[in-house]
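Welcome, and thanks for taking a look. Here is a short briefing to read alongside the picture.

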Amino acid sequence: MAKKARNEFETLMRTLGVTKKRFGEITGTKGSTIDKYLANPSLLRVKQIYYLTDDESVGKHVSTDELFKMANRSNINNK
């Protein structure tokens, strides 16, 4: 059975077919950092958000501004 996504950002990544491995390759992260960023995208660095939108699998479906807004909303929800 598939795991339930923890937030809107993780749902988007799954919908776009971005695996944890691919997320790590795009953002330059490894191991538990990948889980941390998927659970709380407000921890992503600005350059990592740009890396995501530069990637073909993400960038053609979502803009940089949309990812920033998602990260900000997750920050508000985690407080």
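Is Tyr-50 buried, partly exposed or exposed? Tyr-50 counts as partly exposed, because its relative accessibility is 40%, where buried means under 20% relative accessible area, exposed means over 50% and partly exposed lies in between, with a 1.4 Å probe and protein chains only.

Before going further, please keep in mind that this is a predicted model, in which local features need pLDDT of at least 70 and side-chain atom pairs count only at pLDDT 80 or more, while totals for chains, interfaces and linings use all residues. Residues are numbered from 1 along each chain as its sequence is written, and side-chain values use heavy atoms, with hydrogens and water left out.

**Aromatic pairs**

- A pair of aromatic rings is described by the distance of the centres and the angle of the planes.
- Rings of Phe, Tyr and Trp (its six-membered ring) pair if their centres lie within 6.5 Å; planes under 30 degrees apart count as stacked, over 60 as edge-to-face and the rest as tilted.
- By this rule there are two aromatic pairs.
- Phe-9 and Phe-23 make an edge-to-face pair, with 6.1 Å from centre to centre and 80 degrees between the planes.
- This pair links distant parts of the chain, as Phe-9 sits in helix H1 (residues 8–15) and Phe-23 in helix H2 (residues 20–27), 14 residues apart; helices (H or I, at least four residues) and strands (E, at least two) are DSSP runs, numbered from the N terminus.
- Phe-9 is buried, with a relative accessible area of 2%, and Phe-23 is buried as well, at 1%.
- Tyr-50 and Phe-68 also form an edge-to-face pair, with 5.9 Å between centres and 75 degrees between the planes.
- Tyr-50 belongs to helix H4 (residues 46–54) and Phe-68 to helix H6 (residues 64–77), so this pair ties together parts that are 18 residues apart in sequence.
- Phe-68 is partly exposed, with a relative accessible area of 28%.

**Where H2 meets H3**

- The axes of H2 and helix H3 (residues 32–39) come within 10 Å and cross at roughly 95 degrees; axes are lines fitted to C-alpha atoms, for helices over the stretch in contact, and angles run from 0 to 180 degrees between N-to-C directions.
- H2 and H3 are therefore roughly perpendicular to each other; angles under 35 degrees count as roughly parallel, over 145 as roughly antiparallel, 65 to 115 as roughly perpendicular and the rest as oblique.
- On the H2 side, Lys-20, Phe-23 and Gly-24 meet Ile-34, Asp-35, Tyr-37 and Leu-38 of H3, where contact means heavy atoms within 4.5 Å.
- The residues of this contact divide into four nonpolar, one polar and two charged; Ala, Val, Leu, Ile, Met, Phe, Trp, Tyr, Cys and Pro count as nonpolar, Asp, Glu, Lys and Arg as charged, and the others, Gly among them, as polar.

**The nonpolar core**

- A nonpolar core is a set of buried Ala, Val, Leu, Ile, Met, Phe, Trp, Tyr and Cys residues joined through side-chain atoms within 4.5 Å.
- The largest nonpolar core has 18 residues, of which Phe-9, Met-13, Phe-23, Leu-52, Val-58 and Leu-67 touch the most other members.
- H1, H2, H3, H4 and H6 are the elements that give two or more residues to this core.
- Not counting residues up to four places away in sequence, Leu-67 touches Phe-9, Leu-12, Met-13, Ile-49, Leu-52, Thr-53, Val-58 and Val-62.

- Ile-49 lies in helix H4 and is buried, with a relative accessible area of 3%.
- Leaving aside neighbours within four places in sequence, Ile-49 is in contact with Leu-44, Thr-64, Leu-67, Phe-68 and Ala-71.
- Asp-55 lies in the loop between H4 and helix H5 (56–59), and Asp-55 is buried, with a relative accessible area of 12%.
- Apart from neighbours within four places in sequence, Asp-55 is in contact with Arg-22, Ile-26 and Lys-60.
- Glu-8 is found in helix H1 and counts as partly exposed, at 43% relative accessibility.
- With neighbours within four places in sequence left aside, Glu-8 is in contact with Met-70 and Arg-73.
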